[in-house]
Amino acid sequence: MKTRAPSSFPLSASTSLVPSTLGPSAFDQRTVNAETGLFAFDPGFSSTASYQSKITFIDGEKGILLHRGYPIEQLALKTNFTELTYLLLYGELPTQPQYQNFCANMAQHRLLNEQIRNFFNGFRRDTHPMAILCGTVSALSSFHKEAFDTSLFENRECAARQLIAKIPTIAAWAYKYTIGEPFIYPEEELSFSENILHMLFARPGRKETINPVLARAIDRILLLHADHEQNASSTAVRLVGSTGANPFACISAGIAALWGPAHGGANEAALDMFHQIGSKKNIPAFLEKVKNKNSGIRLMGFGHRIYRNVDPRAKLIQASCHEVIETLGLERDPMLDLAMELERIAKEDDYFISRKLYPNVDFYSGLILRALGIPTSMFTALFAIARTSGWASQWLEMTTDPNNRIMRPRQIYTGETFRNVVALKERPI
Ligand code: CMC
């Protein structure tokens, strides 16, 4: 359904509008291009809507995040990561029988083909788990050939479920490989987050009891990272998906995009930054470096392309952080105090105020993962485990979108204009 736009440049009477149910609508650039021959120049796509989607809505000015219409605060309080995954995939929260079937089916998919064990030996022991995740997820395509025929919903749905269920196993094995411990197989009777803890921390010959507080905290972190509309990694998944590539290759592209420090790698980078600052007394000097554009240093875990207000996930993560420390009776982490002081000072500084830079989800997520005993190298991999739900849901949505075409942006050429080739021997030395 399209309506006509007001007639002021670049909109004319014949420009179509693409309406939204919440947030800004868009003018249809295709009609502007057809009429004027002009492209839209939008580096970083900060003003371009590439898809219509029913999955996630963000109002960055007000700090609102909705999944399928439900506020993240309510989802965090009343559901778990597996229910949210079902919601993202299918559009509704599951009934109790649907939930039980879904959990049972996902638990069966956790196991990897035994041959996949061999892949790990090809990596150096000090490889980052994200590198192993990228490579191995793409290689899964050779074990699930049925996923190549994406014309059938059953194939697409099965691939989405396989990916969400298997990525924790690959990630946990990547960690075990880097520390030289034996791989721990997934357990069907454990919940999604319990199983992650089991595969990360159990050892053959040692019975591991999973602390339910820890499992709940991990589940909450996964829930808060599950989807975030058209971020860089989801866009990478959709871009690769638009070519018709198989879903394992698409998700592998998402993992690669997530790895960068401007995106999912920020949780690890924020913790490194807290280490570097070292103590509260060094905060002002560090912030001076951040504000000096020539230093190339950013305040990691601060700022967001969409949020110009506090990231609602950051508030929930911060609350979880305090909860976990109290419930587990952990000693208060001096790094948490440093982070809170850094946040306080930055929020009073005109540099950050004028640019509307607030803490994002990654400012506190590394601290809570650290408090839970998760190794730093696994922070971004956990983000990838969570985000696979969003990537898979967005990939599924894209495969039935009538507007889906191969993504192929245009450019503004700024190179040499036409010139003649001079043969090698005739060129000046
Ligand atoms: N520290 C210092 N200055 C910053 C920061 C920061 N973290 N973020 C933005 N700015 C400045 C930037 O230099 C620019 O200043 P000016 O207008 O004077 O040139 C202004 O704020 C606008 O920044 P931008 O780079 O145009 O903003 P963007 O929307 O392109 O970037 C971002 C968004 C998240 C990449 C950026 O804020 C950043 O690099 N943050 C640190 C990394 C981080 O925490 N990433 C996690 C994002 S949330 C989770 C996720 O998506 O994975």
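**Checking the labels**

Mentor: Start with one aromatic cluster, formed by Phe274, Phe302, Tyr351, Phe352, Phe363 and Tyr364. Keep in mind that this is a predicted model. A search of the whole structure finds 15 aromatic pairs.

Trainee: Why is the pair of Phe274 and Phe363 called edge-to-face?

Mentor: The ring centres are 5.3 Å apart, and the planes stand at 90 degrees. Centres within 6.5 Å make a pair, and planes over 60 degrees apart make it edge-to-face. Phe274 and Phe363 meet both conditions, so the label holds.

Trainee: What makes this pair a link between distant parts of the chain?

Mentor: Phe274 is in helix α12 (residues 266–277) and Phe363 in helix α17 (residues 361–371). The two are 89 residues apart.

Trainee: How do you know whether Phe274 is buried or exposed?

Mentor: Phe274 has 2% relative accessibility. Buried means under 20%, so Phe274 counts as buried. Phe363, at 1%, is buried too.

Trainee: What kind of pair do Tyr351 and Phe352 make, and why?

Mentor: Their ring centres lie 4.9 Å apart and their planes are at 70 degrees. The angle is over the 60 required, so this pair is edge-to-face. Tyr351 and Phe352 are both buried.

Trainee: What makes you say that Arg355 lies over the face of Tyr351?

Mentor: Arg355 is 3.9 Å from the ring centre. The distance limit is 6 Å, and the charge must also be within 35 degrees of the ring normal. Arg125 gives another case: its charged end sits over the ring of Tyr177, 4.1 Å from the centre.

Trainee: Which way do the residues of β4 point?

Mentor: Thr56 and Ile58 point one way, Phe57 and Asp59 the other. In a regular strand the side chains alternate between the two faces of the sheet. These four residues of β4 are all buried.

Trainee: What marks out Gly63 in the hairpin of β4 and β5?

Mentor: Gly63 takes a positive phi near 70 degrees. The hairpin has 4 residues between the strands.

Trainee: What makes the positive phi of Phe45 worth a note?

Mentor: The value is near 50 degrees, in a residue other than glycine. Phe45 is in the loop between α1 (29–36) and β4. Glu229 is another non-glycine with a positive phi, of about 40 degrees. Its place is the loop between α9 (212–224) and α10 (232–241).

Trainee: Why is helix α3 called mostly covered?

Mentor: Helix α3 (residues 81–90) has 10 residues, and 9 are buried. Among them are Phe81, Glu83 and Tyr86.

Trainee: What is found at the two ends of α3?

Mentor: At the start, a side-chain oxygen of Asn80 reaches to within 3.0 Å of the backbone nitrogen of Thr82. A polar contact needs a distance within 3.5 Å. Just after α3, Gly91 takes a positive phi of about 95 degrees.

Trainee: Now the ligand. Which residues are closest to it?

Mentor: Of the 22 residues that surround the ligand, the closest are His263, Lys293, Leu299, Gly301 and Arg305.

Trainee: How much of the ligand does the protein bury?

Mentor: Taken alone, the ligand exposes 940 Å², and the protein buries 76% of that.

Terms used:
Residues are numbered from 1 along each chain as its sequence is written. This is a predicted model: local features need pLDDT of at least 70, side-chain atom pairs count only at pLDDT 80 or more; totals for chains, interfaces and linings use all residues. Side-chain values use heavy atoms; hydrogens and water are left out. Rings of Phe, Tyr and Trp (its six-membered ring) pair if their centres lie within 6.5 Å; planes under 30 degrees apart count as stacked, over 60 as edge-to-face and the rest as tilted. Buried means under 20% relative accessible area, exposed over 50%, partly exposed in between (1.4 Å probe, protein chains only). A residue is near a molecule or strand if one of its heavy atoms lies within 4 Å of it. Accessible areas come from the Shrake-Rupley method with a 1.4 Å probe; for residues, only the protein chains shown count as cover. A polar contact is a pair of N or O atoms within 3.5 Å; within protein, one must be able to donate a hydrogen and the other to accept it, and residues adjacent in sequence count only if both atoms are side-chain atoms. Two strands pair if DSSP finds at least two bridges between them.
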